[in-house]
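Please read each point alongside the structure.

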Amino acid sequence: MELYASTVWANGGFRSYADARVGLMTHGLQYGTGCFEGIRGFWNAEERELYLLHLREHFERMRLSTNVLMMKLPHDTDELVRLTIELCARNGFEENVYIRPVAYKAGEDVGVRLAGVPDAFAIVAVPYRRYYEIDDGIKACVSSWRRTDDTSIPARAKITGNYVNSALAKSEAQLNGFDEAIMLSHDGHVSEGSADNLFLVRDKMLHTPDASQNVLEGITRNTIATIARAEGLEVRERTIDRSELYGADEVFVTGTAAGVIGIASIDHRTVGAGGVGPVTRKLGEIYNEACFGRVPSYKKWLTPTYADRRVGAA
Ligand code: PMP
């Protein structure tokens, strides 16, 4: 579907993307004072169902982000879930989708601040396009850009303005021939990728930077930790040094858009045996199956879009 013809939720109603305009002087655009989520829907063709993954968790994280920015989501989580389902159904998606709720400071006056500026909320949904077109492991580098610290712009909140940090790192990496950037925190410890969290595998144990390393507390990160533990792997959240990346058996990143992506090399050094390692591959496969509703014990993570709308449904 063409973006401008799609249906969005904006300014308290469903309307076409083309009719949902944002003024040039809007604070969210001028000052980066907004926050957002990235949610995915997985189209299961056999069941003709669009499964929305971890909807509630995304809106709960958005509540944290809005609170940091002195904004209020205009609906409770139940209502946000209902609106998202309705939005997907109205667009009639029969393919994988990417859903972008956004809350932003909507004032159009001059003067950077948070308090007392009105906010606005919207949800847009678009067909999902693969984030990395690479199946045999990506090439990563450690960025010269450091992750923003909690004392400047909290990475824990998914703040639009903070994506300048990610954009600087990602473009530097890509222009230097890499696929992704790994950012260090101010004090030089491993933080995260431009739009994903990082795990390393060493001696069949998973290690990931703890929540105080200026990371977004990723929902996929939690999901992978849950799957890994269920598979009998120990998962440790701790401070990780840069040089540990070079000695790991496997390194992978996780994110809603990216999924589970193996890293084949970091800073021109082969990671483990190169390519995508067995632990990464296994966890990625289970994650993928779960997203499409094919793992009964993980179906609780999914909200069906069409189940209650079919003729004859209760
Ligand atoms: N870190 C950053 C900076 C991100 O933008 C994302 C993507 N939302 C992630 C980590 C991964 O988070 P999640 O698994 O919740 O998508």
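1. Terms and basis. Two strands are taken to pair if DSSP finds at least two bridges between them. Helices (H or I, at least four residues) and strands (E, at least two) are DSSP runs, numbered from the N terminus. The model is predicted: local features need pLDDT of at least 70, side-chain atom pairs count only at pLDDT 80 or more, and totals for chains, interfaces and linings use all residues. Residues are numbered from 1 along each chain as its sequence is written, and side-chain values use heavy atoms, with hydrogens and water left out.

2. Strand 14 and its partners. Strand 14 and strand 15 form a hairpin, with three residues between them. The two run antiparallel and are joined by five bridges, strand 15 being residues 259–266. Strand 11 (residues 197–202) is also antiparallel to strand 14, again through five bridges. Val-253 has Leu-198 as a bridge partner and stands opposite Ile-261 in strand 15.

3. Burial of strand 14. Buried here means under 20% relative accessible area, exposed over 50%, and partly exposed in between (1.4 Å probe, protein chains only). Six of the six residues of strand 14 (residues 250–255) are buried, so the strand is largely enclosed by the rest of the structure. Both faces are covered: Glu-250, Phe-252 and Thr-254 are buried on one side, and Val-251, Val-253 and Gly-255 on the other.

4. Helix 7. The expected span of a helix is 1.5 Å times one less than its number of residues. For the 14 residues of helix 7 (residues 278–291) this should be 20 Å, which agrees with end C-alpha atoms 20 Å apart. Its buried residues are Val-279, Thr-280, Leu-283, Gly-284, Ile-286, Tyr-287, Ala-290 and Cys-291. They cover an arc of only 165 degrees around the axis, which puts them on the same side of helix 7; the arc is that of the directions from the helix axis to the C-beta atoms. Gly-293, which follows helix 7, has a positive phi near 80 degrees.

5. The largest pocket. A pocket is an open set of points on a 1 Å grid over the protein atoms alone, where a 1.4 Å probe fits, with protein on both sides within 12 Å along at least five of seven lines; lining residues have an atom within 4 Å of a point. The largest pocket holds about 680 Å³ of space. Of its 25 lining residues, Tyr-17, Val-22, Val-102, Tyr-104 and Val-124 are the closest to its centre. Strand 7 gives the largest share of the lining, five residues.

Note on methods. Grid points are joined across faces, edges and corners, and a volume is the space filled by probe spheres set on the points.
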